[in-house]
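Biologist: I have a structure open here and would like to talk through the packing. Could you take me through it?

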Amino acid sequence: MRLIADVVGKAYGASLEDLHGRSRVRRLVEARERAMTLARRLTSKGYPNLARFFQRDFTTVLFLVKRMEEKCRSNLSLAAELATLEQACITQAWREHVTNT
């Protein structure tokens with residue numbers, strides 16, 4: 001999940017502390033939403049684990065991820081943005097894997 005937070009944070013100019021924080025600044029809220037959604041998509045972690053990592057209640061994470069997935073079905077630009085971030089996470093994971101082997 002750290003890799004996902006790093007990739008999304010870099011795209012939004014947000015630190016890990018920003019993603020864990022409580023700020024309601026729009027770009028940080030959007031980064032946090034996208035990071036949580038991608039963490040759910042790309043890992044086998046359940047909502048309680050995601051909630052611990054992002055320092056939120058698990059019902060908050062559950063609601064947010066479901067809302068983001070619904071938004072993606074009707075907002076193609078958001079879906080494309082998440083797909084781009086998802087690909088960036090996969091690429092970064094591959095790079096780290098190749099570097100470490």
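Biologist: Leaving aside its neighbours within four places in sequence, which residues is V8 in contact with?

Modeller: Leaving those neighbours aside, V8 is in contact with A31, R34, A35, L38 and L85, where contact means heavy atoms within 4.5 Å. This is a predicted model, in which local features need pLDDT of at least 70, side-chain atom pairs count only at pLDDT 80 or more, and totals for chains, interfaces and linings use all residues. Residues are numbered from 1 along each chain as its sequence is written, and side-chain values use heavy atoms, with hydrogens and water left out.

Biologist: And in the largest nonpolar core, which residues touch the most other members?

Modeller: Those are V8, L38 and V61, out of 29 residues in that core; a nonpolar core is a set of buried Ala, Val, Leu, Ile, Met, Phe, Trp, Tyr and Cys residues joined through side-chain atoms within 4.5 Å. Two or more residues each come from α1 (2-12), α2 (16-20), α3, α4 (47-54), α5 (58-74) and α6 (76-100), the helices being DSSP runs of H or I with at least four residues, numbered from the N terminus.

Biologist: Switching to T37, why does T37 count as buried?

Modeller: T37 counts as buried because its relative accessibility is 0%, and buried means under 20% relative accessible area, with a 1.4 Å probe and protein chains only. T37 lies in helix α3 (residues 26-42), and, apart from neighbours within four places in sequence, T37 contacts L64, V65, M68, E69 and L82.

Definitions and conventions. Buried means under 20% relative accessible area, exposed over 50%, partly exposed in between (1.4 Å probe, protein chains only).
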